[in-house]
Amino acid sequence: MEEITSRLLSWASIIDPQTREQAERTARMPFIHPHLALMPDAHLGRGATVGSVIPTEGAIMPAAVGVDIGCGMVAVRTQLQAEDLPEDRARIRQEIARSIPLSAGGRNQKITREHTQRRLADLEARAAAIDLDPSAYAGAWRHQLGSLGSGNHFLEVTLDETGAVWLFLHSGSRGVGNRIATHHTKVAREQCLAEGVELPDGDLDLAYLVEGTEEFDHYIREMQWAQHYALLNREEMMDRMVDQLARWTGVEIERVEEINCHHNYTEPERHGDRDVWLSRKGAISAREGQLGLIPGSMGTASYVVEGLGNPLALHSAPHGAGRVYSRSKARRTFTLEDLATAMVGVEYEHSEAFLDEIPAAYKDIDQVMADAADLVRVRHMLRQIVNVKGT
């Protein structure tokens with residue numbers, strides 16, 4: 001751990017000057033307490049650094065929570081072993097991709113599954129309780145429940161060090177969560193401008209909402225609803241993956257273990273002697289004994305971890321490998337042949353559409369895990385054998 005300033009602690013051994021400068025700027029906000037914690041996977045983000053843990057008193061910066069509210073991972077360990085799997089991995093990849101809408105804007109054509117309807121009923125009841133009309137943000141929100149999205153979101157069949165078969169996925173609150181976040185970020189900017197608030201370097205992405213105001217309460221209510229949407233979205237996709245695994249193997253799947261965690265969210269926590277709003281933007285909760293997930297890239301290892309409850313890190317840990325190449329730079333730098341070499345042994349869709357997700361565009365996950373040695377202990381290492389992504 002490096003103490004960059006008294007208000008900024010960093011566990012990132014790989015960090016570029018722009019990311020460091022951005023984190024320092026966020027840490028100067030007057031309501032940060034006790035300090036901002038920068039995770040090993042930290043990289044440049046909008047508003048606040050991706051891979052940062054931001055405790056605030058009396059205010060929240062919506063952009064520091066992130067636009068994909070509630071984004072996170074879920075993993076299920078099954079009773080199956082590697083030898084129980086058929087050889088035709090292309091079939092399971094294609095069937096998973098068929099059963100779960102992929103890519104930006106992806107949605108279900110109709111809603112017929114009984115458990116999908118139960119989850120939608122839950123979301124509708126929660127929305128009614130807070131006077132929220134999700135359709136005002138995204139008309140397709142119901143049809144997007146159980147859809148993946150694009151970018152670094154994925155659906156994978158993986159094996160752990162014992163050969164046990166796991167299903168693993170990463171996604172968030174889709175279009176409705178993005179619209180909710182964007183709306184409240186705009187409200188925060190308008191309020192700060194109207195009140196003449198001076199933000200560090202004039203960065204409007206650091207605009208905040210003040211606790212005790214209707215605008216703050218409105219954001220909290222809708223943000224928490226979007227977090228729940230993201231949780232149910234992952235559950236819905238995992239149900240479909242379990243179903244496809246059962247069809248592929250001809251075996252009823254047992255969920256031996258299941259872990260589901262957010263990494264773009266905020267919630268009230270107590271750190272030191274004060275109650276704060278703790279925003280984890282690209283970070284997971286890692287209280288002592290708490291299970292979490294840290295994925296690598298589409299061609300590298302992922303980890304099931306157990307938190308160590310490090311108080312200086314605000315009981316947090318990294319959420320993945322973290323980018324070192326922007327998407328545009330990755331596309332300029334790498335070739336389809338580079339991607340094929342990196343993905344040897346993994347069943348995936350061979351397409352230039354995924355060049356910006358090539359493992360080399362990310363930090364070395366082994367270095368990230370080494371940096372996180374006092375944040376988590378590793379329980380399992382997962383290696384993907386099937387990868388599904390949206391473009």
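Colleague: Which exposed residues sit on the face of α4 turned away from its buried side?

Modeller: That face of α4 carries the exposed residues A128 and A129. Exposed means over 50% relative accessible area, buried under 20%, and partly exposed in between, using a 1.4 Å probe and protein chains only. The model is a predicted one: local features need pLDDT of at least 70 and side-chain atom pairs count only at pLDDT 80 or more, whereas totals for chains, interfaces and linings use all residues. Residues are numbered from 1 along each chain as its sequence is written, and side-chain values use heavy atoms, with hydrogens and water left out.

Colleague: How should I read the buried side of such a helix, and which residues of α4 are buried?

Modeller: An α-helix has 3.6 residues a turn, so residues three or four places apart point the same way. In α4, H115, T116, R119, L120, L123 and A127 are buried. They lie on the same side of α4 because they cover an arc of only 140° around the axis, the arc being that of the directions from the helix axis to the C-beta atoms. Their cover includes α5 (141-144) and α7 (214-249). Helices here are DSSP runs of H or I with at least four residues, strands are E runs of at least two, and both are numbered from the N terminus.

Colleague: Is strand β8 mostly covered or open, and on which faces?

Modeller: In a regular strand the side chains alternate between the two faces of the sheet. In β8 (residues 164-171), eight of the eight residues are buried.

Colleague: Which strands pair with β8?

Modeller: Strands pair if DSSP finds at least two bridges between them. Seven bridges join β6 (residues 72-81) to β8, running antiparallel, and G72 stands opposite S171. Six bridges join β7 (residues 154-159) to β8, also antiparallel, with V157 opposite L167. β7 and β8 form a hairpin with four residues between them, and G163 in its turn has a positive phi of about 90°.

Colleague: Which residue does UniProt list for "active site", and is that residue buried or exposed?

Modeller: The unreviewed UniProt entry lists H319; its positions follow the numbering used here, feature names are shortened, and annotations may be inferred rather than shown by experiment. H319 lies in the loop between β16 (316-318) and α8 (327-333). H319 counts as buried because its relative accessibility is 11%. Beyond its neighbours within four places in sequence, its contacts include V50, M73, H263 and P295. A polar contact of 2.5 Å joins the side chains of H319 and D41. Such a contact is a pair of N or O atoms within 3.5 Å; within protein, one must be able to donate a hydrogen and the other to accept it, and residues adjacent in sequence count only if both atoms are side-chain atoms.

How values were computed. Contact = heavy atoms within 4.5 Å.
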